[in-house]
Amino acid sequence: MRTAQQILADSAVIAVVGASRDPRKAAHSVPAQMQRYGWRIIPVNPTVDELFGEQAYASLADIPHPVDLVDVFRPAEDAVEVVRQAAAIGVPAVWLQLGIVSAEARRIAGEAGMEYVEDRCLIVERAAAGLTRLG
């Protein structure tokens, strides 16, 4: 199993479930910062058409291209279904943001052979490892 930082280093396309248009929320600022460092961010939010200059999708199943990592900005009880959806489309890894923990989501990911990170922040891990996808 890869570490959280290895998962980030190996991921180019991150689908963000629960991405927000509100710049005051972490669900906006975290993906926006990851995009500034070169990751392609695919917003998954059924209430918007576009975020971060990318088309938004209502669900993971609607994304028409491969995704390397699913980042979850939803409550722990919602994360279970998100992980099920990620497994259904064959995503190799899922990441539950800081403060989100789910034993059931962890179990589902393990049974599906997906790598799983919980209760950690993408931008903190990116900064700690000095990761970038730029040039």
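User: What makes two strands of this model count as paired?

Analyst: Two strands pair if DSSP finds at least two bridges between them, strands being DSSP runs of E of at least two residues and helices runs of H or I of at least four, numbered from the N terminus. The model is predicted, so local features need pLDDT of at least 70 and side-chain atom pairs count only at pLDDT 80 or more, while totals for chains, interfaces and linings use all residues. Residues are numbered from 1 along each chain as its sequence is written, and side-chain values use heavy atoms, with hydrogens and water left out.

User: How do you know that β1 and β2 pair?

Analyst: Strand β1 (residues 13–17) is joined to β2 by five bridges in the parallel sense, and because the definition asks for at least two, they pair. Within this pair, Ile-14 stands opposite Ile-41 of β2.

User: Why are β2 and β7 called edge strands?

Analyst: The open sheet has five strands in the order β2-β1-β5-β6-β7, with parallel pairing. Both β2 (40–44) and β7 (115–117) have a single partner strand, so one side of each lacks a neighbour in the sheet.

User: Why is Ser-20 called buried?

Analyst: Buried means under 20% relative accessible area (exposed is over 50%, partly exposed in between; 1.4 Å probe, protein chains only), and Ser-20 has 10% relative accessibility, so Ser-20 counts as buried. Ser-20 is found in the loop between β1 and α2 (26–36).
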